[in-house]
2 protein chains.
Amino acid sequence: MKTMSTMLKANDLAVTAQRTAVMEFLHGNTDHPSVDTIYKRVKKRFPYISRATVYNTVKTLTRAGMLQEVLVQQDKTRVDSNVSRHHHFKCVRCGRIEDVPYDILTAKHVSEHARGYHVEEVRVVMEGRCKRCR
Amino acid sequence: MKTMSTMLKANDLAVTAQRTAVMEFLHGNTDHPSVDTIYKRVKKRFPYISRATVYNTVKTLTRAGMLQEVLVQQDKTRVDSNVSRHHHFKCVRCGRIEDVPYDILTAKHVSEHARGYHVEEVRVVMEGRCKRCR
DNA sequence: ATATGGATTAGAATAGTTCTAAACTTAGAA
DNA sequence: TTCTAAGTTTAGAACTATTCTAATCCATAT
Ligand SMILES: [Mn+2]
Ligand SMILES: [Mn+2]
Ligand SMILES: [Zn+2]
Ligand SMILES: [Zn+2]
């Protein structure tokens with residue numbers, strides 16, 4: 001298992017306390033938190049961190065392939081530490097966003113059914129009630 | 001074929017010059033224009049219209065089922081005069097948004113492949129190059 | 001014609017995000 | 001070790017999309 005600093009170095013990125021703190025908060029987090037949520041949580045342990053740093057860090061780590069940004073209907077950007085290809089389920093009641101396996105709708109399925117389009121990416125957002133909200 | 005004023009009246013909405021102008025611009029338009037695009041275009045013929053009116057009109061007509069609002073990754077709200085169920089294709093080059101038939105991914109398909117989720121809505125955005133951009 | 005409730009308007013306010021430029025690390029060279 | 005240069009952080013300003021406000025206007029019913 002790679003450490004935070006190993007991953008940063010592999011991408012020619014300086015290892016800073018702020019980046020490490022953001023990554024540690026995100027590590028294993030499946031909640032798809034917003035930038036503001038990350039900012040507030042990291043600020044507890046790191047009171048002088050700036051919101052701009054969280055935005056910068058998310059952008060930098062996304063470009064490096066260490067994070068993903070997820071956007072769903074009428075919501076702010078959510079940060080996803082799961083960088084594998086997958087879709088999302090949004091609970092219409094509590095707003096929770098969950099991962100859904102990619103093979104529910106693959107590019108292959110689309111190619112078979114959508115002749116005429118040259119599809120490079122497919123993004124699916126499903127909506128309904130999550131387990132907790134039913 | 002219903003006229004603009006017939007549709008407005010059927011929803012207990014006053015027939016105003018602004019609403020008529022917005023609807024006429026949107027009628028048959030398959031471009032998914034933004035509110036600002038609608039505003040600028042309608043303003044040419046109706047110089048005193050306010051941006052707030054376009055926002056109000058879009059919201060009102062959406063609630064009445066006469067329009068749909070579409071949001072795709074990192075983009076502003078687009079207005080869709082096609083209120084049938086369908087998905088979207090976004091050209092990564094020119095930004096153009098096209099309609100894609102709903103049956104590429106129906107709720108049925110999802111239900112079969114996504115056991116455990118109670119899906120009420122499915123939204124698919126595909127990305128690639130449109131005909132013009134290839 | 002008149003009244004009244006809804007519609008329109010300009011601009012202020014808000015939310016999310018990006019930009020700016022000065023101050024401060026980090027990492028590598030000397 | 002120092003030193004340096006490039007990259008990073010920071011607070012706040014700026015920006016963009018959208019909603020709110022409250023005064024004015026006007027569409028419709030009487
Ligand atoms: Mn995810
Ligand atoms: Mn459409
Ligand atoms: Zn829920
Ligand atoms: Zn195109």
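In chain A, A:Lys40 and A:Asp36 form a salt bridge, their closest N and O atoms lying 2.7 Å apart. Helix H3 of chain A, residues 35–45, holds both A:Lys40 and A:Asp36, and the 4 residues that separate them amount to about one turn of the helix. Side chains of opposite charge can pair when their charged atoms come close. Over all chains the count of salt bridges comes to 14. The model under discussion is a predicted one.

The wider plan of the chain may be considered next. Chain A contains 5 helices and 5 strands. Read from the N terminus, the order of its elements is α-α-α-α-β-β-β-β-α-β. The C-alpha trace of chain A spans about 50 × 35 × 25 Å along its principal axes.

The region where the chains touch can now be described. The contact draws 30 residues from chain A and 29 residues from chain B. On the side of chain B, the residues that lose the most area to chain A are B:Gln73, B:Tyr117 and B:Arg123, which together account for 24% of what that side buries. The size of an interface is often given as the accessible area lost when the parts come together. For chain B and chain A, the area buried between them is about 2,700 Å², and 54% of it lies on carbon and sulfur atoms. Of the interface residues of chain B, 100% are also interface residues in chain A, so the copies meet through the same surface.

Which interactions between charged and polar groups cross this interface? There are 2 salt bridges across the interface of chain B and chain A. In a salt bridge between A:Glu127 and B:Arg123, the closest N and O atoms are 2.4 Å apart. The elements that give two or more residues to the side of chain B touching chain A are strand E4 (97–101), helix H5 (107–113) and strand E5 (118–129) of chain B. The largest share of that side, 12 residues, is supplied by E5(B). Sorted by class, the side of chain B that touches chain A has 14 nonpolar, 6 polar and 9 charged residues.

Strand E5 of chain A, residues 118–129, pairs with E5(B) in the antiparallel sense over 11 bridges. Within this pairing, A:Glu127 has B:Glu121 of E5(B) as its bridge partner, while A:Met126 stands opposite B:Val122 in E5(B). In a regular strand the side chains alternate between the two faces of the sheet.

E5(B) also has a partner within its own chain. Strand E3 of chain B, residues 86–91, pairs with E5(B) in the parallel sense over 4 bridges. There, B:Phe89 stands opposite B:Met126 in E5(B).

Definitions and conventions:
Residues are numbered from 1 along each chain as its sequence is written. Chains are lettered from A and ligands numbered from 1 in the order in which they are written. This is a predicted model: local features need pLDDT of at least 70, side-chain atom pairs count only at pLDDT 80 or more; totals for chains, interfaces and linings use all residues. Side-chain values use heavy atoms; hydrogens and water are left out. Contact means heavy atoms within 4.5 Å. Buried area is the accessible area (1.4 Å probe) that two parts lose on being put together, summed over both. A salt bridge is a side-chain nitrogen of Lys or Arg within 4 Å of a carboxyl oxygen of Asp or Glu. Ala, Val, Leu, Ile, Met, Phe, Trp, Tyr, Cys and Pro count as nonpolar, Asp, Glu, Lys and Arg as charged, and the others, Gly among them, as polar. Two strands pair if DSSP finds at least two bridges between them.
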